Structure formats: C-alpha cells, structure tokens
Amino acid sequence: MRKTTFAAALVAATMLTGAASAKTFVYCSEGSPEGFDPSLYTAGTTFDAAAHTVYNRLLEFKPGTTETEPGLAESWEISDDGMEYTFKLRPGVKFHTTDYFTPTRELNADDVVFSFERQLKADNPWHQYVAGAAWEYFNGMGFPDLIKSIEKVDDMTVKFVLNQKEAPFLANLAMPFASIMSKEYADKLEADGNMVQLNQQPLGTGPFTFVAYQQDAVIRYKSNQDYWGGAQKIDDLVFAITPDASVRFQKLKAGECHLMPFPNAADVEAMKADSNLKVMEQEGLNVAYLAYNTTQAPFDKPEVRKALNMAINKQAIVDAVFQGAATPAKNPIPPTMWSYNESIEDDKYDPEAAKKMLEEAGVSGLSMKVWAMPVSRPYMLNARRAAELIQSDFSQIGVNVEIVSYEWAEYLDRSKEKDRDGAVILGWTGDNGDPDNFLHTLLGCAAVGGNNRAQWCNEEFDKLVNTAKTETDQAERTKLYEEAQVVFKREAPWATLDHSLSIVPMRKEVEGFVQSPLGDFAFDGVDLVE
C-alpha cells in the first residue's frame, strides 16, 4: 500500500515539469512535519520540511559549518553599545508563485517586521492564529525580554533594538524560527478568514516551492526558478515519509530514494559495503537525555534524580542502540562544543548505591512512566529500545517503569506540559553552534513549559547562562558556562544519555549534499549525476 502511494506521488512529482527527463530527488524522511510554519515548532523533522526548503532567514549558516553568512540581509551594522542591529535587505528577492497565491511585490522590510512581531506581540492578530501557539523557540531563547522593538527604517532596512547585549544574536537569527514570511500572503489569508493556511500551504523565498502534502505519506516541492541564490539542479524534490529505518534502507538499496537519515546502527556496515551507496559521517553536535519532571514528587528532589541516574547503564544503551557509534554523555552540551567542562565527573553506574540513596530519600515502591519517542533522531536512533534498557535498570533498584509513547507531534506537545508525569526521552542537535542554544534554550527558566522538558528553574543556573548571553568575551562566557554545567550536574534535572555520530547514507549518484553539523537535511545545491 505504501509503495503504491509512494510510486503515485513520484510519478506526479515527475509530471510537474511536463518532461520525462526532469530530475526528481527523493528523500526518505523519518517522520511527518508538525506543520509548515517553522516558527511554531522545534523539531528537526519540521525544519527540514519547511525551513530548509521553503524559507530563508536574514542570515544563513554556511553549508557544513556553524558560521553565519548573508541571507536575505546582504549586510548589517551593530551599534557601538551592541544594542542596535541594522540590516540592509537583499534587493530583488521574489516570493514563490503558487497555485494558491501570486505575489505582487518583492521582499521588503514589512515582511521582516511581520515575521518577528507576530511572535513578539501578544496583541498581534497572528500571535494565536494556530490554537495554543507557544512560539517555543522565540520565547525559550528569551527574545520577548531581549527585543525592545523592530523598526522599519525604509523599505529595505530593518533595525532591531535590544534591551541588553546578546552575544549569540546574529547566530540566532540564522535559525529556523527566524524564517521570513510574506506579509502580503498573510494579509490575504487574514482577509479571507483562512489564517491557518499559513501553516498548511507555506510560501517563502527559499530554494524550493511547496506543491502538496499527503498526510504521513509524501511532501512534494519543485525548484524555485526565481530563487535569489540560483535555480536548483534538480527539478522536483519529494519527501517520502518512511518512519521505519529498515524500510528506509530497503528503499535506498532499491533506488526508490536517493538519501535517508538516521540508519539503524546495525545496517551501517552493509551500507558501506554496497557499491551503489556512499556514507557520510561526522561527530554530531547533539545530546540525548531523560528529562525528569522536577516539579512532581519525588522527582522534585535532586537526590532522587541522582539515584535514578546512577542506576542507568549508559554504555549498554550506546552498545545496543548505536553499536558503538556514540559515547555516553556526562554534560548537557556535546564535547565538540566550546565551553564543554571536561573536569566534571559523571554519575557512576552503581545500582546498589542508587538503591541506598533512594531509601535514604524516603522513596520506596516507586512506579513511574518513561516516555519513548516514536521516531529515530540522530541523538537517539531507537528510543523504545533505550526505554526498555532503562526499565530493566530501574527494576534492579525497585522502581517499576511503564513505557509510553505517542505520535511524534503529540509526543512533543504533551511532553511540554508542566504537569506531565514521569521522565521523557528526548534530545537536541545544536542549531547555531553556541552553548546558549543548549543551556539557555533547554534548561533556562524562560523555557519552562516549552523546550525545558524538565520544567527545571534553578536561580543559580539561570543567572549564569543569562549573564553569559550578555558577555562578548568568549573566555568569560566559557567560565560562566563551565560553572553552569557544574550546577546542572549537581542538581541533575536530566540523565544525560549519549552523544552520537551523525551518519548519512545516500545513492552514489548524489552530488552536492553537504552534511550539516547542525543536523539539517537541506537540498539546496544537490544534484543527481549518473
């Protein structure tokens, strides 16, 4: 049934150009996007399907790096006090023309102001255009407190006025949540009473134009012939949604897709041995974790959390889930990131000591839930297997675990709830190469109820990471982040699980794909060469 749906979609995609010789690139993606407005979400699956295909940002990351370069802004100036950033927009940038909207103008300052003010201002008509919109990234990174105003200087100039200095500000603007929307398109949807369409039929300035989405099956795009960065070498792009890693591999071998993410660790050697395939790999800028709800008893006690952490055999998870293509994690940031605190000692795997610590904390007969992601992510290829290992480990210290899961979008949504029970397996791949993107985004007080799945607000930790954001000297920032990691380890809101290798298999005819340290799957510049 799936093959029929996929084949039909592929034929349809090929027919879009009206030529049998059209180049169609098929990506076997691991899951369905939550929507197509990247500012509403935090999942890489959604960013790949929306931010990196349809949209651009003021700045972009140079392919394969965490360095920023001009995007929709061709240049910028920073005031001497570091409180004002003035961006000159790139002239001649066209928005997509689609079956559902034809733009009458090019990109201007109105689009930039709209894209940010809808997230910033509670009285903006677009602030709650999707029920429950939380602008998780914008809020979790402290932007409501950071941004004083966003001003249109003239049609091609925008100024951001800040309330304080922000060291990672430019890097943050290159992230998916800062994608630039068409205000003209939004105005039309608002006038038609159909605002939710912005999240269903996206329209941007990016390398690919959205064509159609068949729920949980396929997404189709075509090359944006008017792209300011130049038209693509492929004509059509297809996301064939394939949650099972084994099925993705079978499709790759059969030539039904050209590239896949997140292979089963056990399949990697076979992929490397297949003459029709090639495999890229690099250290991932990532971490997987088990986040306790620190507002719920008994997980509100650090000694209980530390005891549970001591009961987890992380090396067994690395061996079983990654076949060794990962390392046990001791810190909430990866070892490849600056400010990683080498001196911190990890919690030793010691079930007997863990059991004793629980008894001393007055905890016995504990039953809890462990949430397991339903999809593969670079930092956790098989959360169900990891949860089963944790379940077995916890049973050794008298803790009974029920494993629960939900469909991916629901999993992400439910796991944010402040009264969520138990502990949730999740993880993170860095979005901009700055420690702030892990420490403040995932563990700061501003992210509680959003990316901070531990619901952990620690005044000492929060002061350290917020101070670090305002420092421009990297050595000083490093000291603050190293100290913050000490607080994190002492308080143990998470069990840090692993840092994984990022492995990307593809057909040998694929050229131009650049592996991202940020875990993105972007197809700008990709070609198929026989």
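Trainee: Is Glu 509 buried or exposed?
Mentor: Glu 509 is buried, its relative accessible area being 15%. Here buried means under 20% relative accessible area, exposed means over 50%, and partly exposed lies in between, with a 1.4 Å probe and protein chains only. This is a predicted model, in which local features need pLDDT of at least 70 and side-chain atom pairs count only at pLDDT 80 or more, while totals for chains, interfaces and linings use all residues. Residues are numbered from 1 along each chain as its sequence is written, and side-chain values use heavy atoms, with hydrogens and water left out.

Trainee: Which side chain does Glu 509 meet in a salt bridge?
Mentor: The partner is Arg 507, at 3.5 Å from N to O. A salt bridge requires a side-chain nitrogen of Lys or Arg within 4 Å of a carboxyl oxygen of Asp or Glu. Arg 507 is buried as well, with a relative accessible area of 12%.

Trainee: Which residues do salt bridges with shared partners join into one network?
Mentor: That network consists of Lys 306, Lys 314, Asp 346, Asp 347 and Lys 489.

Trainee: What is the N to O distance between Asp 347 and Lys 306?
Mentor: Their side chains form a salt bridge at 2.9 Å. Lys 306 belongs to helix α10 (residues 302-311) and Asp 347 to the loop between β13 (326-328) and α12 (351-360), so the pair ties together parts that are 41 residues apart in sequence. Helices (H or I, at least four residues) and strands (E, at least two) are DSSP runs, numbered from the N terminus. Asp 347 counts as buried at 16% relative accessibility, and Lys 306 is buried at 19%.

Trainee: And where do Arg 385 and Glu 388 lie?
Mentor: Both are in helix α13 (residues 383-395), three residues apart, which is about one turn of the helix. Arg 385 is partly exposed at 35% relative accessibility, and Glu 388 is partly exposed at 32%.

Trainee: How many salt bridges does the structure hold?
Mentor: It holds 32.

Trainee: Turning to the core, which residues touch the most other members?
Mentor: In the largest nonpolar core, of 158 residues, they are Leu 58, Phe 160, Leu 290, Met 380, Phe 394 and Phe 523. Such a core is a set of buried Ala, Val, Leu, Ile, Met, Phe, Trp, Tyr and Cys residues joined through side-chain atoms within 4.5 Å. Apart from that core lies another, of eleven residues, including Leu 252 and Met 271.
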